[in-house]
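Please look over the structure below. This briefing takes up two topics, one after the other.

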Amino acid sequence: MTALLEVRDLCTAFPSGQGALRVVDGVSFDLARGEVLALVGESGSGKSMTALSALRLVPKPGRVVGGEVRLDGENLMDLSVTEMRRIRGGRVGMIFQEPMTCLNPVVRVGAQVVEAIRLHEPVSKAEARERARSLFAEVGIPDPEARLDAHPHELSGGLKQRVMIAMALSTRPEILIADEPTTALDVTVQAQILSLLRDLQRERNAAILLITHDLGIVNELADRVAVMYAGRLVEVAERAALLEDPRHPYTQGLLRSIPALSAPGEALPEIPGVVPSPDQWPRGCRFSTRCPRRFEPCAETFPAETTPAPGRRVWCHEVETTEGEDAR
Amino acid sequence: MGAYVLRRLAYGAGVVLGVLFLLFLLFFTVTAPEDIARKALGDKAPPEAVEIWLTNHGYDRPLWPWQDWDENLLFDHYRRMLTFDFGLSDADDSPIIDRIKAGMGPSLSLTVPLLVLGMLAAIPLSLLVAFFRETYIDRMGVFLCVLAMSVSTLLYIIGAQFLIGKVLRWYPISGFDANLLLLPRFLALPLLVGVISGIGGDVRFYRTVFLEESGRDFVRTARAKGAGEVRIMTHHVLRNALIPILTRVVLAIPFLFMGSLLLEAFFGIPGLGSMMFDAIQANDFSTMRTMVYVGSLLFIFGQVATDISYGLVDPRVRVE
Amino acid sequence: MMGLEPHIWSNVMTVLLVSGAIFVTRVVRGQRLWREAAQALWQRRRFALVVVAVYVLIGLADSVAWKGGVPEGAMGVLPNAPLSLLDRAFLDSREASYSAPFADVEFYGGAPLRNPGKHPFGTDILGRDVLYLALKGARVALLIGGLTSLIAIPLALLFGVGAGYFGGRFDDFVFFLISTLASMPSLLLLIALIMVMGRGTVSVCVALAVTGWVGFCRLSRAETLKLRELDYVQAARALGVSETRIIFRHILPNLAHLIVITFVLTFSGLVLSEAVLSWLGIGVDGSWGQMIDGARDELSREPIVWWNIGAAGTVLFVLILAVNAVGDAVRDVLDPRTLRGQQ
């Protein structure tokens, strides 16, 4: 069965003084129907840009320079602009990180949801408004009828994010892309939004591409996890497998540095060094400058994809060699 | 909202008082009244004539309150300006207020159409340029704007008068007729010149506003919803851009009354601008003083009106 | 001191200016930020920068003057008047009256010229070479822009930085002062100031400065407020460093890029304003605005005399366009975001 979304060798580049910098450099993954795939990485890893690239929303002067994004077999990169617009907000919805600025400040929130509906379905304003109201109730907005006529600044961050979710789900998309949906919210509100997303996902059996840097969220929501570093994937695995047995040194470092997992009083282990900026990426494995287990090939060539176990993909020379040794 | 309006009005009133003080300093202390009298009567005027002139124009009292609490020019200045008792022109002894009333009509007949036409011309152009941002259309547009802005208004006026008035003879070079049927002929050229000389700066301003709004996050959200570029421009960007645009328009309203000094003088339109031009030529201090005051009053009024209109237009402000 | 003749003043100021420019260049070359900004600017606006440089050179040529060395019988020149380099270049170019560009004879009447074919822009009503007059205007324009900014920028800094740094009553006072000044229509206030102070270059520059300093004052006040909260400034205050030192070592250098941007961007506005003032009769002698004003009626003559206004208008336009072009690029290059990225 082909996956709902197949991303193959996606490359997105930005022009710079040193030529084109590929902030997304050959990313490939699948998203199956009804599954939640978490795309994890630090800021600057290219995870948000990957999502934006899939929907062809890369901000100028960047652009997608290679690869395919197949939705149900159809390559989105080949579609005309009009066809793409039908996909955006229709079959694929997206919610963003900053609810404060992501809603039009001078338009009432109800009208913004109505707009989302009417861009894709030929319904009357009254009907769309009714749907918006029931969506508001569904996402847990109290007093939905009155809230329809509110302006964004009258709502708290959590409520605004619920509006964004309602807006994105109003057209019953098959995929929801959530770009750091809770990062800008208070901790208590974060938990509410997460559980809302989980409930909605189960009810509608929607696929979610969840972009985050927070492994706690990954633990709550994700079925599978893809870890990105400096524009490339380094490890993809099922959630439980990744959290218990990370193979890539970067993933291991990330997991070790979660406060909850270390004993109180212990120094928090951290990955030494900083993420290199795109103009300073090493020729080989991009993590090689900070990797505790690097050896000769690491700085020279980027590791090939290895599958040490079914459903697990890793890009690491060391894993490759140990696999090779195991195989022998 | 009510408290906000009151606060703004109170501060505005304070500024008016400050303006009057600056004007007093400027017109009464930097130049002594005797000098003004001599400029009006001629340097060779005998002292008695100067005395009489000073008495007639109310300049014969001491300047400061501590010199004479009941009869001093400072309090007198404040009292008269605040009650709109503007007195006589230093140049020809005509009541200033009459001339103001007479001049407002012609000034407005030029400035109001100018504002409207200017916006009608500039906004669609800047929407177009902003729509095609980063393409060669945008670059050309910006270049043309800078080019247009670099030409002095004087040259536009002289050029237009020469080309259209003399060479092509489409419209009269100057003149004015209050008759509503004949008026358009006389206003055509100044309006044309006014719009063309202003369009460079206007388009650049609106373009900046549109581009700023286009870059906001909610535009990205709209795109992710599947909205087309045209809808984004007209429904999302334009509506948010209206706030700074409205500010600009409301701020411009006071100046509508003042008239354009250059356009009126060049094209012979008997409005307030012309009046000021005459005052400069004739060293008419009292008229100049009055006009600066009136202008400031209108400007302050415009700023307060802008702040209040902000509250009406931008839903975020109302929360205050 | 005041008894010194004007041309001595001019020479002294020119020397000071040039040496000041050289000094600043050397200081700036040492700092990476400015060096890179200058390089970026050169890359983007080579042509416009060259044009501005040409105008500056012409202005300098007109600023250095001395007496004597005048050949006998030169028309229209007082024997003991100080003449600049520019004056001397055009020393014997005087005709009797109008002549068209490159003409051999006078425009009205056809009498033969003293220097046939040598006037690229013709001559004016007094027979002066129009190219010469146009070039002389360069110094006036640069003087207007430069002197006005020299008055306005320090004034704005004094009040703006003071208000932002010290806050309190001084800030309230400055804010009120700014509001009041900003509420007065600038053209009217400008005219009123000149009427009251009397005509002349210094008058005009002071008036332009008084009507123009408010914008930069607001800007520097806002920036100072931000800078004051920076960690290293707070640290310096905690360590007991004197306020003056903090202002001069920490605040002002960080305002330098704004000073440059403001100077370049307001320059063209000042020159254009002066043109309007000249047309009103209260401008500076020898400016292009005056040339345009004087030449206005010539267009209605039969046949028309166009070269006077054409020359003045063109040189004015070219300088303003070049400065505007440079100004936009300067603003982009010195954008705080770019600067911060390089830091």
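What follows covers a strand and its partners, then a pair of helices. The model is predicted.

**Strand β8 of chain A: burial**

- A:A207, A:L209 and A:I211 point one way from β8(A).
- A:I208, A:L210 and A:T212 point the other way, and these too are buried.

**Strand β8 of chain A: partners**

- Strand β3 of chain A (residues 36-40) pairs with β8(A) in the parallel sense, over 5 bridges.
- In that pairing, A:A38 stands opposite A:L210.
- Strand β7 of chain A (residues 175-179) also runs parallel to β8(A), joined to it by 5 bridges.
- Here A:A178 stands opposite A:L210.
- From β7(A), the chain passes through helix α8 of chain A (residues 187-204) to reach β8(A), and this β-α-β crossover is right-handed.

**Two helices of chain C**

- Two packed helices are described by the angle between their axes and the distance between the axes.
- Helix α10 of chain C covers residues 243-279, and helix α12 of chain C covers residues 307-333.
- Their axes come within 8 Å and cross at roughly 160°.
- Angles over 145 degrees count as roughly antiparallel, and α10(C) and α12(C) are therefore roughly antiparallel to each other.
- The crossing of α10(C) and α12(C) is left-handed.
- On the α10(C) side, the contact residues include C:V260, C:V264, C:F267 and C:V271.
- On the α12(C) side, they include C:L316, C:I320, C:V323 and C:G327.

Terms used:
Residues are numbered from 1 along each chain as its sequence is written. Chains are lettered from A and ligands numbered from 1 in the order in which they are written. This is a predicted model: local features need pLDDT of at least 70, side-chain atom pairs count only at pLDDT 80 or more; totals for chains, interfaces and linings use all residues. A residue is buried if 20 or more other C-beta atoms lie within 10 Å of its own, exposed if 12 or fewer, and partly exposed in between; C-beta atoms are placed from the backbone. Helices (H or I, at least four residues) and strands (E, at least two) are DSSP runs, numbered from the N terminus. Two strands pair if DSSP finds at least two bridges between them. A crossover is right-handed if, with the strands pointing away from the viewer, the path from the first strand over the helix to the second runs clockwise. Axes are lines fitted to C-alpha atoms, for helices over the stretch in contact, and angles run from 0 to 180 degrees between N-to-C directions. Angles under 35 degrees count as roughly parallel, over 145 as roughly antiparallel, 65 to 115 as roughly perpendicular and the rest as oblique. A crossing is left-handed if the near helix is turned anticlockwise from the far one by less than a right angle, and right-handed if clockwise. Two residues are in contact if their C-beta atoms, placed from the backbone, lie within 7 Å.
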